[in-house]
Structure formats: structure tokens, C-alpha cells
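Please look at the sequence and the structure below. The text that follows starts with a helix and ends with the nonpolar cores.

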Amino acid sequence: MAGLLAQARFIVGALALIFVVAMAAPASAQQQPLSTNPMASSVKEDQLLQQMRIIDGRVSIPDRQSRNLEQPGRDWRQFQQQTLPWIAGIAILGVLAALVVFYLTRGMVKIERGRSGRVVVRFNALERFVHWMTATCFIVLALSGLNITFGKTLLAPVIGLDAFAAWSQWAKYAHNYLSFPFTIGVVLILLLWVAGNIPNKVDVEWVKRCGGILGSDHPPAQRFNAGQKLIYWVVVLGGLASAVTGYLLMFPFYATGIEGMQTAQSVHGIVAALFIAVMLGHIYIGTIGMEGAFEAMGEGTVDENWARQHHALWLEDEKSKGPAGATPRGAPAE
Amino acid sequence: MARMKFLCDADRCIECNACVTACKNEHEVPWGINRRRVVTINDGKPGERSISMACMHCTDAPCASVCPVNCFYTTADAVVLHSKDLCIGCGYCFYACPFGAPQYPKVGNFGSRGKMDKCTFCAGGPEADSSQAEFVKYGTNRLAEGKLPLCAEMCSTKSLLAGDGEIIAQIYKERVVKRGYGSGAWGWKTAYKESIAT
């Protein structure tokens with residue numbers, strides 16, 4: 001009897017123990033982790049992404065750029081892959097189309113009274129050298145630059161990725177190294193022609209009469225008319241803006257962080273695209289667009305009748321300076 | 001096929017930099033290049049946290065999108081690789097990468113930065129698997145040998161996980177349930193446009 005009682009007490013005790021353990025176990029499983037999160041106060045990604053554009057910290061390697069854990073790139077990608085190609089494409093093709101239409105309707109602007117046979121010096125050897133140095137660099141820079149934006153879409157499928165990469169490598173070297181003579185050229189252009197390119201009253205009249213582009217009107221102009229002044233300032237300001245942003249890209253992270261680099265590339269791309277579009281107009285008017293214009297920068301002299309038609313005030317100035325300005329074609333200036 | 005991903009369990013990272021060292025040693029990465037790095041946010045302050053970061057092998061990778069010579073490609077395992085034969089070292093991939101993963105062997109001197117180098121998920125490059133040419137340019141091809149990236153394999157706290165995205169996400173979720181907390185998979189929203197609910 002006593003043995004049975006002891007056995008019953010043992011079973012009840014065991015059951016009670018199991019009950020207590022069973023009750024306690026879920027309770028501890030629910031409570032314990034909540035009180036022991038050692039990382040509870042640590043920063044969270046979502047919260048950091050909301051607070052700052054760049055999540056950065058400390059790294060044990062001596063590379064400033066590697067300190068950024070996460071940084072913005074999506075906007076730049078969107079710009080680089082969508083916005084820039086569209087703006088550049090519309091600007092360049094738009095100007096090309098406008099020039100074709102203009103040429104077909106207006107044709108070459110002739111020297112109305114024909115050539116006089118007497119020429120006036122328009123650009124001296126230094127001016128022509130600076131112009132052609134800058135122009136040559138510009139053409140290479142423009143083509144190698146367009147290659148970066150449009151090459152993989154237009155050229156790579158034609159010549160294959162390997163050939164395209166090899167060409168792009170050389171194009172990049174040319175782009176980087178020719179930037180130096182180009183920049184020097186832009187600075188020299190700034191210094192050489194700034195005096196004749198300050199806007200004045202004559203330009204107002206010239207602009208009002210649309211520069212004589214429509215019809216056969218020829219508003220008087222000094223050495224440079226308002227259109228040429230516009231080209232001048234596009235070259236100087238566009239050239240300097242491309243140079244500054246270009247050098248930021250060539251010496252990455254010397255002067256700016258990741259967002260500065262992205263901005264530099266964006267500005268460089270847009271300025272360059274618009275620069276190219278404007279230069280297409282410049283090339284047109286200097287070649288097939290106008291009779292007697294190319295020789296100004298080719299041989300350095302223009303026909304007197306051309307000068308009278310397009311730069312009447314400048315011709316008067318040159319003539320008043322003395323007879324040296326006007327010499328018969330082919331005869332050496334004395 | 002698996003969709004390879006990295007996952008850094010930031011609650012476990014102790015900033016030992018073993019992943020960085022393992023990577024450099026395994027691939028004989030040149031001096032000055034770090035395919036992986038550990039960034040410590042709020043170092044020495046309350047709320048400090050360390051995260052190991054390398055190329056995340058993004059879905060719809062921005063580097064591939066902006067590359068002007070299309071030198072990037074994605075493998076069947078969704079690993080983002082590139083060809084150093086095509087790369088012209090323009091640096092655009094670095095501007096587009098949200099994680100600062102692309103590395104260049106030369107500091108910008110007249111824009112010659114050399115061929116870009118980055119984490120390959122230990123999967124080499126376009127050359128024949130495990131060839132000498134592949135090793136010289138991209139390092140060891142562990143995936144071709146059936147092994148996972150060394151950084152994660154030898155992580156002392158198993159903070160860094162590498163492998164099929166679904167499997168490592170499952171491992172991470174189980175951890176979070178078991179220990180009761182988790183700060184999420186860092187960089188996943190940016191890289192894969194998804195996150196792990198914790």
C-alpha cells in the first residue's frame with residue numbers, strides 16, 4: 001500500500017514537472033529574444049537611404065571612394081542612356097535637317113555683284129592657324145565623343161564588338177590627348193577675337209533684319225556680325241565648359257566625389273552635343289552655304305565685293321587704314 | 001539555373017576583413033584593387049554596424065547599361081561579368097554602380113585607368129574555364145569547380161552568404177526567426193529590386 005502511494009506520488013510529481021516545464025518553455029521562447037537584440041540601436045538601411053543620398057562609413061583600405069557603401073547612380077544612368085542620346089540626336093539631326101532644307105530652298109548665298117578681283121586680308125596666318133588647330137581637334141573630339149554615346153548602338157552592330165572596342169580605345173586616347181591643343185585653341189580664340197565680338201548697337205539692327213538670311217537684304221556689319229559673335233561665344237563658353245568638365249573626367253575624383261563626377265559627365269555630354277549642333281551650322285555657312293566665305297579662313301583674304309555685301313562697316317574701316325588692306329588678287333601685300 | 005546573390009547578414013559581421021583578404025589572395029588581385037571591402041557605419045559610436053560589400057551582380061545591371069563598348073555580360077547563373085579585352089577604362093561603370101564595385105588598376109593619368117576589375121562571384125571571365133589566361137585577368141573560377149565564392153565560404157561568423165538567392169534568403173529568414181531580429185539584406189532593394197521581409 002505504502003509502495004503504491006509512493007509510486008502514485010512520483011507519477012503526480014513527474015506530471016506536475018512536465019506541466020510546469022511545458023508552461024514555462026513557450027513563455028521563455030516568446031520573451032527572451034525581444035530583450036536580447038544586441039543590434040537594436042544599430043543603423044538600418046531603409047532609414048539611412050531616406051536620410052542621405054550616400055551611405056558611407058569607415059574602411060581600412062586607403063581608397064577614399066571605397067568608403068561609400070551605397071551611392072546614387074540610377075538618375076545618372078537614366079540621363080546617360082535616355083536623356084542625353086535623345087537631346088543630342090534631336091539637336092544634331094534637327095540642325096542637319098534644317099540645313100538641308102535651307103540649302104534646297106535658299107541655295108548658296110552668292111556674291112551679288114560678282115567678284116571684284118580685289119581682295120582684303122581678313123584673317124592673318126596666326127588667326128588661321130589657331131582656327132584650324134581648334135577645328136581639327138574639334139572634329140576628332142566630336143566624332144570620338146559621339147562614339148561614346150551612339151557608337152554601341154550604331155557602329156558596334158556593323159563592325160563587331162572586338163573591332164568596335166579597339167577603335168573606341170584609340171578614340172578615347174585621341175579624345176583625351178587632343179583636348180590639350182583644343183583647350184589652348186579655345187583660349188587663343190578668346191584672346192584673338194574678343195575685341196571684335198563684344199555685342200553692340202550694330203548687332204541689334206542686324207538681328208532685327210534677321211541678318212539678311214531671308215531675302216536679299218544685307219544689314220551692315222562690322223568685322224563680325226551678330227551671328228558670328230554668337231558662334232564665337234558658343235565656341236568660347238562651350239569650349240571652356242567642355243574643357244573644365246572634361247578635365248574633371250580625365251582626372252577622376254581629384255576635385256569632386258561621385259555625384260560631382262556624374263554631373264561633370266552630364267554637363268560635358270549636353271554642352272558637347274549642342275556645341276556640335278551649332279558647329280554644323282558654322283561649317284555649313286563657311287563652305288557650301290556662302291560663296292566667298294571659305295577663303296576668309298582658307299587663304300586669309302576675301303573679295304572686296306564679298307566684304308562690302310556682308311561686312312560693309314568693317315571694309316570701310318580697313319580701307320580708311322590705308323591701301324595695304326586692299327591688294328589685287330595674287331599680288332603680294334606690300 | 002540558380003540566381004546567384006550575395007547577402008551580408010549585417011548583424012553578424014564583426015569587421016574582421018577576412019573576406020577582403022581571402023578575395024585578394026585567392027584571385028591574386030593587384031595592389032590597390034579591392035574587389036570586396038568592409039564598410040563600418042558610425043564607427044566607434046552607438047549604432048555602429050559593419051557591412052561587407054562587393055559587386056552585387058545586379059538584376060538589370062547599371063554598369064552594363066552605361067558601358068559604351070558593351071563589355072558586360074550576364075552568365076546563366078545571373079553573375080555579371082565583363083571582358084577586359086573590350087573594356088576601354090572609361091570609368092562610366094563606376095559612376096553608375098550604386099555599390100562602388102568597379103576598380104581600376106591605375107589612378108587617372110590623362111584618363112588611362114587601365115582595364116576595369118571587379119568581383120566575378122569567383123566565376124572568372126569570358127576565357128576558357130580555369131585557364132591560365134582567365135586566371136591572370138579575372139582570378140580563380142571557383143564556380144566552374146563547383147565551389148562558391150571564397151569570401152563567403154570562409155566568413156568566420158557566416159555573416160556573408162553567397163549562393164542561389166532563394167537558398168541564402170531562406171537561411172537568412174530562418175536565422176531571423178530563430179534569433180528574433182534582423183536588419184534585412186543590405187543592398188538587395190538596390191541590386192535586385194526586392195528585399196527579405198524580417
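Helix H6 of chain A packs its buried residues against helix H4 (125-154), helix H5 (156-159) and helix H8 (226-250) of chain A. Helices here are DSSP runs (H or I, at least four residues), strands are runs of E of at least two, and both are numbered from the N terminus. A residue is buried if 20 or more other C-beta atoms, placed from the backbone, lie within 10 Å of its own. The model is predicted, with pLDDT of at least 70 needed for local features and 80 or more for side-chain atom pairs, while totals for chains, interfaces and linings use all residues. Residues are numbered from 1 along each chain as its sequence is written, and chains are lettered from A and ligands numbered from 1 in the order in which they are written.

The buried residues of H6(A) include A:Phe164, A:His175, A:Ser179 and A:Trp193. At A:Ser179 the helix, residues 161-193, bends by about 35 degrees, and A:Pro181 follows within four residues. The bend is the angle between axes fitted to the seven residues ending at a residue and the seven starting there.

Chain A as a whole has twelve helices and five strands, and 28% of its 334 residues count as buried.

A nonpolar core is a set of buried Ala, Val, Leu, Ile, Met, Phe, Trp, Tyr and Cys residues joined through C-beta atoms within 7 Å. The largest one has 73 residues, and B:Ala96 is among those that touch the most other members. Helix H3 (residues 92-96) of chain B gives this core its largest share, five residues. A second, separate core of 19 residues includes A:Phe182, A:Val186 and A:Ile189, which are also among the buried residues of H6(A).

Terms used:
A residue is buried if 20 or more other C-beta atoms lie within 10 Å of its own, exposed if 12 or fewer, and partly exposed in between; C-beta atoms are placed from the backbone. Two residues are in contact if their C-beta atoms, placed from the backbone, lie within 7 Å.
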